[in-house]
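Welcome! Keep the sequence and the 3D view open as you read.

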Amino acid sequence: MPAGSAVTGVSWGALLVLLPLTGAMVCFLWTRAARILGLSTVIAVCLAVAGLGWQLLQEGVYHHAAGGWGAPLGIELYADGLSLLMLIATAAVALAVSIYSTGYFKRARAIRFWPLWLILLAALNALFLSADIFNLYVTLELVGLAAAALTALGGGAAALRGAMRYLLASLLGSLSYLLGVALLYHSFGSVDIAMLAARMESSPTVWAALGLMSAGLIMKTALYPLHFWLPPAHSSAPAPVSAVLSGLVVKASFYLLLRLWLELFGSVSEGIDNMLGLLGSVAVLWGSVQALRQTRLKLLVAYSTVAQLGYLFLAFPLAASAMTAWNAAAYLVISHALAKAAMFLAAGNLMHFAGHDRIADLDRMVQRLPLTVFAFALAGVSIMGLPPSGGFIGKWLLLEAALTQGRWDLVAVVILGGLLAAGYVFKVLGSAFTQAAVPQRARRVPASMEWPALLLACAAIVLGLVTLPVFSLVTIGDAFGVDEVVP
Amino acid sequence: MNAAVLYALVGVGLYSLGLYALIVHAHLVRKILAINVMGSGVFLVLVALARRGGEAGTDAVPQAMVITGIVVAVSATALALILVVKLAAETGYATLSGNRQE
């Protein structure tokens, strides 16, 4: 089978890092063609993800020793079903955001956007493909630096302040993570996750490492009460950047926390999972209430991110006895990535059209930008968790796990969070139907900006209809350790 | 208590000191310095714990990590400093709140 072996013979994982990195350099050097080069790089990355997916389905878990150097000294790339799922979500959001950016950024800003964005994409891909905790630190730092630089791209005091706050929070998070890495290396003499998992045992040093690494990653994931940097950064960045920050960047640190928890800390942490669940619950309620209170569209969407990130942490206390909770978290991660990116892109369109983002002054947007408002509403359906959307499946699985364990407090949080989400989504949609008191400008929104938002929102809905393929994908490599659980 | 543990404790001390300074100081350059002090603390812990005692000599892996860490720290500091410069040029203040606090 020459065709099959040609696909499985290529090292797609290495390409996933190499392509965007090379693309970034070329875009930086050859600014005149940055837009077309950037877009073609992202399309190539999507094809490489498809190649990796094919390879995984054919041959199972993917391993690649970069430069031929193995685990203790060299860098090893590793991909299982969970990594692949994150890579697919990243590629989907990346493609939509890139098409959107071709219309959004004018020349002067486009030449700064593309190199940074491709570096961010390379760092995200590398993070999802890494299997040792030090490599993960480096990729985490690369993601943070590129994201902070992108936040500042808008210019102006608000964006610079948002970027600065974001950078400081992100550096604090990664240094705390690195101290944890140092302690783990001292205890077990390795940074490879699989080796660490084999040697893991409970000790004060491990607890200190667990605390430091979790705290650092929680800071980067913006779990309440360490979310203070997120709303200013995500709301002041340019629309495509906000979409990437809210959709992908916070998910990267959550993915890392999930990995560490599944492989290393799950067995040695007592009671911490309940604390994470509690913080998650507060985040859901507090973030939703804050979102309801906002008068600016982008701040509303940013606070909604704080609330939706809380849901991810509800899985921790539930997962001890029900593995469906991890499936729920994985589902929520990807459906929120798609829906929130769509929402930020739609918000960007409304802002581009009207020149402001005051919710109360949105002027008959339903008639003037029907595609964009439709995209916002569809994304809202997934955020609220109405069927048949990806968000519904995730929240349903959470509810199911909470009900079977008799955790009525978490049941109440999931339901109340959904109701509050409906509140803030309809607050925006209500204003989109009515006429505003103040006259305002109307600038044409190109089709290249309207369609990506709509397609992403549709993808978030379709995600609710393809649950079985997604779950069978996640079982490649058995990231959630389903086989080990005794019922 | 041997020398390695002492160095590691000093490293943790530097880390905590940096964390304290990062929180209490409003001036952004001081915050960036605090982050760098924290980073040095972490590197000291890494290097100190690399000495596995006796004939085994020194472990090279943590030293490689520190080198990588320094590269990351330099780039992060450079980005943070240019942000401060831009912010000061835009608002006239090198603080996040926009007030002149020293």
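## A word to start with: contact

Two residues are said to be in contact if their C-beta atoms, placed from the backbone, lie within 7 Å. With that in hand, look at A:Val61, which is in contact with A:Ala79, A:Asp80, A:Ile476 and A:Gly477 once its neighbours within four places in sequence are left aside. Please keep in mind throughout that this is a predicted model.

You will find A:Val61 in the loop between helix 3 and strand 1 of chain A. Is A:Val61 buried or partly exposed? It counts as partly exposed because it has 15 C-beta neighbours inside 10 Å, and a residue needs 20 or more to be called buried.

## A buried valine

Now turn to A:Val301, in helix 13 (residues 297-319) of chain A. This valine has 29 C-beta neighbours inside 10 Å, so A:Val301 counts as buried. Setting aside residues up to four places away in sequence, A:Val301 touches A:Met343, A:Phe344 and A:Ala347.

A:Val301 and A:Pro231 are 70 residues apart in sequence, and 8.7 Å apart in space from C-alpha to C-alpha.

## Two helices to examine

Helix 2 of chain A covers residues 12-29. At 1.5 Å a residue, its 18 residues should span 26 Å, and its end C-alpha atoms are 25 Å apart, which agrees. Its buried residues include A:Trp12, A:Leu16, A:Leu19 and A:Cys27. The buried residues of helix 2 pack against helix 3 (34-59), strand 1 (62-65), strand 2 (76-79), helix 4 and helix 5 (107-129) of chain A.

Among the buried residues of helix 19 are A:Met449, A:Glu450, A:Ala453, A:Leu456 and A:Ile461. What covers these buried residues includes helix 4, helix 14, helix 16 (370-384) and helix 17 (390-404) of chain A.

In soluble globular proteins, nonpolar side chains tend to be buried together. In this model, the largest nonpolar core has 232 residues, and A:Val93, A:Leu120, A:Ala315, A:Leu338 and A:Ala342 touch the most other members. Helix 14 (residues 324-354) of chain A gives the most to this core, with 22 residues. Where does the core lie relative to domain 1 and domain 2 of chain A? Both domains give residues to the core, so it lies between them.

Not counting residues up to four places away in sequence, it touches A:Ala375, A:Ala379, A:Ala453, A:Leu456, A:Ala457 and A:Ala460.

The domain assignment of chain A gives domain 1 (11-269) and domain 2 (271-481 + 483-487). Taken over C-alpha atoms, the centres of the two domains are 21 Å apart. Their contact takes 40 residues from domain 1 and 47 residues from domain 2.

On the side of domain 1 that touches domain 2, the elements giving two or more residues are helix 4 (81-104), helix 10 (230-236) and helix 11 (239-265) of chain A. Helix 4 gives the most, with 14 residues. By class, this side of domain 1 has 26 nonpolar, 12 polar and two charged residues.

Chain B has three helices and zero strands, in the pattern α-α-α along the sequence. Buried residues make up 33% of its 102 residues. Chain B averages a pLDDT of 87, and 88% of its residues score at least 70. The model itself scores ipTM 0.93 and pTM 0.93.

Methods: Residues numbered from 1 in each chain as written. Chains lettered and ligands numbered in written order. Predicted model: local features only at pLDDT ≥ 70, side-chain atom pairs only at ≥ 80, totals over all residues. Helix = DSSP H or I, 4+ residues; strand = E, 2+ residues; numbered from the N terminus. Buried ≥ 20, exposed ≤ 12 C-beta atoms within 10 Å, placed from the backbone. Core = buried A, V, L, I, M, F, W, Y, C linked by C-beta atoms within 7 Å. Domains from an automatic or database assignment. Nonpolar A, V, L, I, M, F, W, Y, C, P; charged D, E, K, R; others polar. Expected span 1.5 Å × (residues − 1). pLDDT = per-residue confidence, 0-100.
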